[in-house]
Amino acid sequence: MGLFDFLFKWRKKKNQTNEVTLKNESPVEETITPVNEKINIPIEETVATIEKETPDVATEETIASTINEDGHRFDLEIVEAFKRFHSDPSLGIEIEIKDDKGNILDFHKAYTDLFKEWLGIQSKWDRMSLFYRFWDQSQFEKLEDWQVIERFVKDRYPKKALQYFEEKMADKRHFTKEELVALSKLHRVLLDNPTAKEYIETAYRNHPEDDAVKVEYATVLHIIGNHSEKELSHQVFHEVFDKKIEQNDTESVFDCFRFSEGYTDSSIFAMLYLMNTEADNDTWDYVAEEYYYCPVFRYEHAVQLAQSENPMRALAKLTSLSQEFPWFRIALESTIGNIKSVRKQINSPDFMEKELQEFQASLKNL
């Protein structure tokens, strides 16, 4: 099946397996301290009601509808975050929370403070980060080493992942294939591609038929390989990618790169497909939600926005990228250059002065 024939295929629903049941009869008793910032989330029986001196039936119905819609999205995202936290898109879960009367509560009604904080966050990955800190309280100690590395890398804390490795894993003589893949991703995010290659070459040498290993191996080869290695990278990647397409379980080629069972987790090949198909802004945004942790993808997304005449969105993306990945020299230089360019265009010599000084300091320290 050709690429463009595949772009808009309809999805076939699949039943989840590997059921995991979490029943928390008294959630308020959990006292595990999260790894990051501590979050206090008291159990409440109902969402706070909105009162008005003169009730308007139509307005109240609209408010109730909005709360229900937001609550439903919250409940879906917190479960998605649980699966992402465990790096397992196929994980089927049944989470049951009860109040002191034995009534089963939806997440948004059980954790109202968390729900309110979630409502104020626009970015998908900032919301995921909020949920990750929430799940740290009860799930962090259950993670395997490779899952901890992924948890920090996907949450845009690669330096914490590296610190965890140095404290908990550096003395290991042998790594599992999952650990090798996770460590390769970590060093790619840190822009240390030669070290990433060392880890993934070991994984590919020992597990050449594993799909996750093959995708990461192909990704690294494409980044730093010579001409023949780049050709091999495309061959290896499409051994996995074509198989995913043949499963007929996604609507478009870009769904193959999104967190789902058997997905191809490669920010680099996702970026190549977006470029080669001349994807529009909406499609870039759709895929970008998956690779917000990848500095190279985010940089190319900013370039695409600039080329599609969205200079301020491009600058906003470069700014957040440079703040979150201050070791990314190209991003820093581009951000500084764009700030200076905008200053001239709008005749405002103090535009983003604080940020400019921050980025210049970061660049000086490299």
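Predicted model: local features only at pLDDT ≥ 70, side-chain atom pairs only at ≥ 80, totals over all residues.
## Helices α10 and α11

Helix α10 spans residues 211-224, and helix α11 covers residues 227-246. The two pack at an angle of about 150°, and their axes lie 8 Å apart. Angles over 145 degrees count as roughly antiparallel, and α10 and α11 are therefore roughly antiparallel to each other. Their crossing is left-handed.

On the α10 side, the contact is formed by D211, K214, V215, Y217, A218, L221, H222 and I223. The α11 side contributes E229, K230, L232, S233, H234, V236, F237, E239, V240 and K243. Sorted by class, the residues of this contact of α10 with α11 comprise nine nonpolar, three polar and six charged.

## Helices α10 and α12

Helix α10 also packs with helix α12, which consists of residues 267-276. Here the angle is about 65°, with the axes 8 Å apart. Angles of 65 to 115 degrees count as roughly perpendicular, and α10 and α12 are therefore roughly perpendicular to each other.

From α10, the residues A218, T219, H222 and I223 take part in the contact, and from α12 the residues I268, F269 and L272. The contact of α10 with α12 has five nonpolar and two polar residues, and no charged residues. A218, H222 and I223 of α10 are listed in the contact with α11 and also in the contact with α12.

## Helices α16 and α17

Helix α16 runs over residues 329-346 and helix α17 over residues 353-365. They pack at an angle of about 150°, with axes 10 Å apart, which makes α16 roughly antiparallel to α17. The crossing of α16 past α17 is left-handed.

In α16, the residues R329, L332, E333, T335, I336, I339, K340 and R343 meet residues of α17, namely E353, L356, F359, Q360, S362 and L363. The contact of α16 with α17 divides into six nonpolar, three polar and five charged residues.

## The second largest pocket

The second largest pocket has a volume of about 720 Å³. Its lining is made up of 33 residues, of which S87, P89, A212, Y263 and D265 are the closest to the centre of the pocket. By class, this lining holds 11 nonpolar, five polar and 17 charged residues.

Helices α5 (124-139), α6 (145-154), α8 (177-189), α10 and α11 each supply at least two residues. Helix α8 gives the most, with five residues.

Terms used. Residues numbered from 1 in each chain as written. Heavy atoms only, no water. Axes fitted to C-alpha atoms, helices over the stretch in contact; angles between N-to-C directions. Helix = DSSP H or I, 4+ residues; strand = E, 2+ residues; numbered from the N terminus. Parallel < 35°, antiparallel > 145°, perpendicular 65-115°, else oblique. Left-handed = near helix turned anticlockwise from the far one by under 90°. Contact = heavy atoms within 4.5 Å. Nonpolar A, V, L, I, M, F, W, Y, C, P; charged D, E, K, R; others polar. 1 Å grid on protein atoms, 1.4 Å probe; cavity = no way out; pocket = protein on both sides within 12 Å on 5 of 7 lines; lining within 4 Å. Points joined across faces, edges and corners; volume = space filled by probe spheres on them.
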